[in-house]
Amino acid sequence: MEKRTGGKIKVQIFWMESLVKWKDALPGIQSGMADLAWVSSTYFPSQLPNYLMLDNLFNLEMTM
């Protein structure tokens, strides 16, 4: 990204929850600590009700 934008955009990756923990991802994004994060709807059901509904709808196990 940095090379393609001539240094205008820089990306720093923090692996294995070293910047914010998974359960703190949404507050981390809201406060500006992180720009992107993998947010789990199960930690924030009241803040992400539609996401939780879709997440459960498409998580099914097919058994025969």
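Let's start at Glu-17, which counts as partly exposed in this predicted model because its relative accessibility is 37%, between the 20% and 50% cut-offs. Glu-17 sits in the segment before α1. Its backbone is worth a look too: phi is positive, at about 60 degrees, although Glu-17 is not a glycine. Most residues other than glycine have a negative phi.

Now take Met-16, also in the segment before α1. Here phi is near 55 degrees, again a positive value in a residue other than glycine. With 75% relative accessibility, Met-16 counts as exposed, since the cut-off for that label is over 50%.

Met-16 also leads us to a surface feature. Together with Met-1, Ile-9, Val-11, Ile-13 and Trp-15, Met-16 forms a nonpolar patch on the surface. Those residues have about 760 Å² of accessible area together. For a closer look at one of them, pick Ile-13: this residue belongs to the segment before α1, the helix spanning 25-31. Ile-13 has a relative accessible area of 54%, so it is exposed, given that the label needs over 50%.

From the patch, let's move on to the pockets. The largest pocket holds about 570 Å³ of space. What lines the largest pocket, and which residues lie nearest its centre? There are 18 lining residues, and Phe-14, Leu-19, Ala-34, Leu-36 and Ala-37 are the ones nearest the centre.

Conventions. Residues are numbered from 1 along each chain as its sequence is written. This is a predicted model: local features need pLDDT of at least 70, side-chain atom pairs count only at pLDDT 80 or more; totals for chains, interfaces and linings use all residues. Side-chain values use heavy atoms; hydrogens and water are left out. Patches are made of residues with over 30% relative accessible area and no salt bridge: like charges are joined within 9 Å, nonpolar side chains (Val, Leu, Ile, Met, Phe, Trp, Tyr) within 5 Å. Accessible areas come from the Shrake-Rupley method with a 1.4 Å probe; for residues, only the protein chains shown count as cover. A salt bridge is a side-chain nitrogen of Lys or Arg within 4 Å of a carboxyl oxygen of Asp or Glu. Helices (H or I, at least four residues) and strands (E, at least two) are DSSP runs, numbered from the N terminus. Buried means under 20% relative accessible area, exposed over 50%, partly exposed in between (1.4 Å probe, protein chains only). On a 1 Å grid over the protein atoms alone, a cavity is a set of points where a 1.4 Å probe fits but cannot get out, and a pocket is an open set with protein on both sides within 12 Å along at least five of seven lines; lining residues have an atom within 4 Å of a point. Grid points are joined across faces, edges and corners, and a volume is the space filled by probe spheres set on the points.
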